Amino acid sequence: MTDYNFAYLDEQTKRMIRRAILKGLAIPGYQVPFASREMPMPYGWGTGGVQVSAAVLTPDDVFKVIDQGADDTTNAVSIRRFFQKTAGVAVTEATTEASVIQTRHRIPEEALREDQIIVYQVPIPEPLRFLEPSEVETRKMHSLEEYGLMHVKLYEDISQHGAIATSYAYPVKVEGRYVMDPSPIPKFDNPKLEMAGIQLFGAGREQRIYALPPYTKVVSLDFDDFPFEATKADHACDLCGADDSYLDELIVDDAGGRMFMCSDTDYCGKRRKDGHVGAQGVPYQEDAA
Amino acid sequence: MYVAVKGGEKAIDNAHAWLAEERRGDTAVAALSVAQIRQQLALAVNRVMAEGSLYDPDLAALAIKQARGDLIEAIFLIRAYRTTLPRFGGSAPVDTDAMVCDRRVSATFKDAPGGQVLGPTFDYTHRLLDFKLAADGEVPAVPQAPIQTAPTPHIMSFLDREDLIQSEPVGPETPPDLTRTPLELPADRALRLQALTRGDEGFILGMAYSTQRGYARNHAFVAELRIGAVAVEMDIPELGFAIEIGEVTLTECETVNQFQGSKTQPPQFTRGYGLVFGMTERKAISMALVDRALRWKELGEDNLGAPAQDEEFVLYHADNIQATGFLEHIKLPHYVDFQSELELIRKLRREAQTMQEAAQ
Amino acid sequence: MQVTALEGGFGNAPIDSAHAFRGVMNAMARPGTIHDLAGATPPAPLSVAAGVVLLTLCDPDTPVFLAPSRDTQALRDWITFHTGAPFSGPDQAVFAVGAWDELPLTSFPIGTSQYPDRSTTLIVELPALDNTGATLRGPGIAESAQLSLPDLAPLQGNATLFPLGLDFMFTCQSRLAALPRTTKVS
């Protein structure tokens, strides 16, 4: 069997996913159930994002895939290859050149434009899940707009630790109605959720799709006396010197020496190409990175 | 000076090449054929068909070969293939009354029409390693009995006649399809049974065992366990009648469980049901027990808080493809999230230390 | 079945529907923006845009309600042949097609509090569609947008139902715009 349909999924499956995407856009932050299919990669490895991308891609698209902000992580490579093979789309590592970006755990540093679409891979779409394991119960809570449990959790954090102890998958409220899980992005990325591009979220194993139209109001939950803070490591990138990007920490020797570098590899590379050099960086050379 | 590492693409290619080599193993040993797997590892093939929800022994055998014998991986291959197949229509319900039984046992009656047929069972084998198999796998000729063509009536039908067993309501004409619509709770029995029949054998077994040990105990008698081939028929609208399109081997288990009744209703036994592709007896019995435990609500029983009574718990966690994928995904890079946790914990520790110092 | 029922479908369904969906999605994500759809030529009086939307989104799982002006045998045959979608009354409809004043707005499902997505999407055929008239605000719109809506009051009423409510697509020849329940119109 070699002859798979364009973008792998059959047309009926794509229609079902497309209908779910439209309802998701019409009800921002609400999780639309969809009949997720078994994909040729494991659940938990981006099957939701892959199904959404498959339903959205056209042959004219330029596709970018990142995992942890990087184009070269193995699962990003694997997903990018899947769509090169099944949809014949052009691929890129440059954020600005991409028309569709599939991501796991990051939003690119560069602001997305109106003509760009970002597809998030979501492991657990239900923001209330770790407070209430039952789907029957959490669905009721959303319908009644009963989010007290979430505020109690955040408040207990404050009383125990003096701060909200959630650093990623930080819950947001969308258009003043639904509490939404932004997928496990670091809370540093939360302010970017209000953007010009279309944001689509796919959770394959949990069979949910949700969406944020451009310019949708997205507020990170907080308290007046403990306002939300988008934090990052208090360093500059050691490769490109950027002090405004989210950083990965690397252990570089046995003595516990460490360095910090941009998690968004395209952003870092572009800055270095433009002549920026960080404390431990080398001047940019073609093919060096 | 630090130069960022790249190499994901190459690493993947090399890993795949190595995997292929490992799968083949020592080339001095003859390669295993798909036919050999189908014939000689038939119970593995059956499990892959049952949990892969696709009745195709050749493909299941191929999947086992490709997966190096990892049955969950093989089930995954079959599931992923299955979703790409066009759906031409639905078959008529199979008639297990008409099953040509290879095995048929009842624990509730010493004998019944159709008799007890042990069939090819491990039951009374002594579990002693047979070292002869290591040398040569040939078996002596087996005595043959004439093929039984008369239908074997279900044991349950005898209890039914006396009205001793609860009759089952006839469900909606077309049951919902778990593979085409998202799971929605509460799930009706048809949907629960679908989830159980493709659920992980080990998980269903564990759940069933827990009911036997007292977590929502509903003592089960195996009224009947039958294994054999049934015809699959499909209505052809152009013809106006159903034609046989194939034959599948199924394992069916019906249990008789503790009775219930009230002042107005005379007591009746209740049922649990299991039906699984292939010769998959452990799974079918387990399924019947879990089915029965999940029926507490419709039978007016108490919710004892037992895991096997919790349909959300059972249905959301029975699928080994969902479970294994999510479990194994934690080996993917998570360093962005871990970094955010590192920063948070360092910050909290700094603050706590400052407070301590201030207090001293 | 007439010959016309077999014609006018997508020439290359996977590709045509992918392009069409991008237009439909952009319309729904950015209320008030107008998009050109192509690839299908349905029998009159259905517009090209409405025909493309039906081919892109409908199948045997989506009952379709046809308002009287669109309820012709030729169109039924065309929809049946190309999508397999069953026809239904408004109360079961996943999609509905018709002119504005013949769509029974109060008869369509608006979703439930637990499943607000289970509501009808209306494809409203308009004689003209351009970026004039009513002012639109809400998700998908940076500041405000303008669209030639057929009426205001029912759409304002629909928005108050949020998160329940109907979602609208407006079509005119090959052009499409959309108005989800989140859009506030004035």
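This is a predicted model: local features need pLDDT of at least 70, side-chain atom pairs count only at pLDDT 80 or more; totals for chains, interfaces and linings use all residues.
## A strand pairing in chain B

B:Val232 stands opposite B:Gly246 in S3(B). S2(B), residues 220-236, and S3(B), residues 241-260, run in the antiparallel sense and are joined over 16 bridges. Between the two strands of this hairpin are 4 residues, and B:Gly240 has a positive phi near 85° there.

S2(B) has another partner to look at. Strand S1(B), residues 100-105, pairs with S2(B), also in the antiparallel sense, over 5 bridges.

## Chain B as a whole

Stepping back, chain B contains 13 helices and 4 strands. Its radius of gyration is 26 Å, whereas the globule rule gives 21 Å for 360 residues, so chain B is more spread out than a compact globule. Along the principal axes, the C-alpha atoms of chain B fill a box of roughly 85 × 65 × 55 Å.

How much of chain B is buried? Buried residues account for 30% of its 360 residues. As for contacts between residues at least 6 apart in the sequence of chain B, 63% of them link residues at least 24 apart.

## An enclosed helix

Of its 11 residues, 8 are buried, so the helix is largely enclosed by the rest of the structure. Just after H3(B) comes B:Ser53, with a positive phi of about 55°.

## Where a helix of chain A meets one of chain B

Now to a meeting of two chains. The axis of helix H3(A), residues 74-87, comes within 9 Å of the axis of helix H1(B), residues 8-24, and the two cross at roughly 80°. Angles from 65 to 115 degrees count as roughly perpendicular, and H3(A) and H1(B) are therefore roughly perpendicular to each other.

Which residues make the contact? From H3(A) they are A:Thr74, A:Val77 and A:Ser78, and from H1(B) they are B:Gly8, B:Glu9, B:Ala11 and B:Ile12. By type, the residues of this contact are 3 nonpolar, 3 polar and 1 charged.

## The side of chain C that touches chain A

Chain C puts 30 residues in contact with 30 residues of chain A. Two elements of chain C give two or more residues to this side: helix H2(C), 13-29, and helix H3(C), 48-57. Which of the elements gives the largest share? H2(C) does, with 12 residues. The side of chain C that touches chain A divides into 16 nonpolar, 7 polar and 7 charged residues.

## A buried alanine in chain C

To finish, look for C:Ala145 in strand S6(C), residues 145-147. Is C:Ala145 buried or exposed? A residue is buried if 20 or more other C-beta atoms lie within 10 Å of its own; C:Ala145 has 21 such neighbours, so it counts as buried.

The surroundings of C:Ala145 bring in residues from elsewhere in the chain. Leaving aside residues up to four places away in sequence, C:Ala145 touches C:Pro31, C:Gly32 and C:Leu136. C:Pro31 is 114 residues from C:Ala145 along the chain, yet their C-alpha atoms are separated by 7.6 Å.

Methods
Residues are numbered from 1 along each chain as its sequence is written. Chains are lettered from A and ligands numbered from 1 in the order in which they are written. The radius of gyration is taken over C-alpha atoms; the globule rule is 2.2 Å times the number of residues to the power 0.38. A residue is buried if 20 or more other C-beta atoms lie within 10 Å of its own, exposed if 12 or fewer, and partly exposed in between; C-beta atoms are placed from the backbone. Two residues are in contact if their C-beta atoms, placed from the backbone, lie within 7 Å. Axes are lines fitted to C-alpha atoms, for helices over the stretch in contact, and angles run from 0 to 180 degrees between N-to-C directions. Angles under 35 degrees count as roughly parallel, over 145 as roughly antiparallel, 65 to 115 as roughly perpendicular and the rest as oblique. Ala, Val, Leu, Ile, Met, Phe, Trp, Tyr, Cys and Pro count as nonpolar, Asp, Glu, Lys and Arg as charged, and the others, Gly among them, as polar. Two strands pair if DSSP finds at least two bridges between them.
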